[in-house]
Amino acid sequence: MKLIRFGEPGRETPGVIWDDETRLDVSAFVRDYDEAFFADSGISELKHWLKANAASAPRIAQSVRLGSPISRPSKLVCIGLNFRDHARESKMEIPEEPVIFFKATTSLAGPNDDLIMPKNARKVDWEVELAVVMGKQCSYVERDDALEYVAGYALHNDYSERWFQLERGGQWVKGKSADTFAPLGPFLTTTDEIPDTSHLGMWLKVNGVFRQRSSTSEMIFDVPTLVSYVSQFMTLLPSDIISTGTPAGVGLGMKPPQYLKEGDIVELGIDQLGESRQRVVAWHPALVTQSARRDEHVKTT
């Protein structure tokens, strides 16, 4: 099953992509795809509801905007330097343990929303990544049991401002957390549709030119290992995200480095997880006001 959220930013409604690629509104069954939904066996209950109600559920036009396929989670955990080809590109040693950092969850955006370059940005970079969405609360999970706690997977572009991240003194989170820096989707694919994440092709283009072409087979630490590892240090809640790292081809690794500029178009995809597209726009005060209004609506609903 593929879960979507559609509508205006901050006012998204839950839906699904049905077998014939039709988009269905399922708000009659569930308020949102959030921590409570996943914690209460929401996916299995939704499947049961659809068997009886799919034919009569409202249809959603293909032209309607898609938002992030999940509502804002408690945390967005990222893994650094988790692809062998990216480590070679960066001339760095293979890490002995996963490198963990965070993105602010306010960076979540729809898959085709504009990428807003943050104020004073100099070095905005791209990173196609496989995102893992948790379906159950877990802590100290063994690797062999880890996938039992996963709800599904989604396409993620882990945008980064490298000057903020690497040259402004400590903590990568500063370069990872600007608004719109985590476009997610177009949909969340449940684990029954992707039982094996170890050989998924992934790619990213900038202005029509391939920059990243790789596979999850290049991952140093696979999905079960990452879920287990992260759970040793923090409790993972339903709807939490683990973004599993990016392959070679980022702007930072080019010679000379190349970064995004206003007007650029970034397109990306992962096998079975769809494609997304972001247009790069410059920051201006009106965009801050719009973002604040969106976040205020999320807080009050």
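**A walk through the predicted model**

Trp163 is buried, with a relative accessible area of 14%, where buried means under 20% relative accessible area, exposed over 50% and partly exposed in between, for a 1.4 Å probe and protein chains only. This is a predicted model, in which local features need pLDDT of at least 70 and side-chain atom pairs count only at pLDDT 80 or more, while totals for chains, interfaces and linings use all residues. Residues are numbered from 1 along each chain as its sequence is written, and side-chain values use heavy atoms, with hydrogens and water left out.

A search of the whole structure finds 8 aromatic pairs, a term for rings of Phe, Tyr and Trp (its six-membered ring) whose centres lie within 6.5 Å, with planes under 30 degrees apart counted as stacked, over 60 as edge-to-face and the rest as tilted. The rings of Tyr159 and Phe181 have centres 6.0 Å apart and planes at 50°, so this pair is tilted. Tyr159 lies in the loop between strand E11 (150–157) and strand E12 (160–161), and Phe181, 22 residues apart from it, in the loop between helix H5 (173–176) and strand E13 (182–183), so that the pair links distant parts of the chain; helices (H or I, at least four residues) and strands (E, at least two) are DSSP runs, numbered from the N terminus. Both Tyr159 and Phe181 are buried. Trp163 forms another tilted pair with Phe164, at 5.7 Å centre to centre and 45° between the planes, and Phe164 counts as buried at 13% relative accessibility.

The next region is a sheet. Five strands form an open sheet in the order E8-E19-E18-E15-E16, with mixed pairing, and two strands pair if DSSP finds at least two bridges between them. Strand E8 (115–116) and strand E16 (209–215) stand at the edges with a single partner strand each, so one side of each is left without a neighbour in the sheet. E8 and E19 run parallel and are joined by 2 bridges, and Leu115 has Val280 in E19 as its bridge partner. Within the sheet, strand E18 (residues 265–270) has 5 of its 6 residues buried, so it is largely enclosed by the rest of the structure. E18 pairs in the antiparallel sense with strand E15 (residues 201–206) over 5 bridges, and Met202 stands opposite Ile270 in E18. Strand E19 (residues 274–281) also runs antiparallel to E18, through 6 bridges, with Val266 opposite Gln278. The hairpin of E18 and E19 has 3 residues between the strands, and there Gln272 takes a positive phi near 70°.

Two helices complete the tour. In helix H6 (residues 223–231), 8 of the 9 residues are buried, so H6 is largely enclosed by the rest of the structure; among the buried residues are Val223, Leu226 and Tyr229. In helix H2 (residues 42–53), by contrast, the residues divide between two sides. Gly42, Ile43, Leu46, Trp49 and Leu50 are buried, and they cover an arc of only 120° around the axis, which puts them on the same side of H2, the arc being that of the directions from the helix axis to the C-beta atoms. On the other side of H2, His48, Lys51 and Ala52 are exposed. The buried residues of H2 pack against several elements, including strand E1 (2–6), helix H1 (35–39) and E11, where contact means heavy atoms within 4.5 Å.
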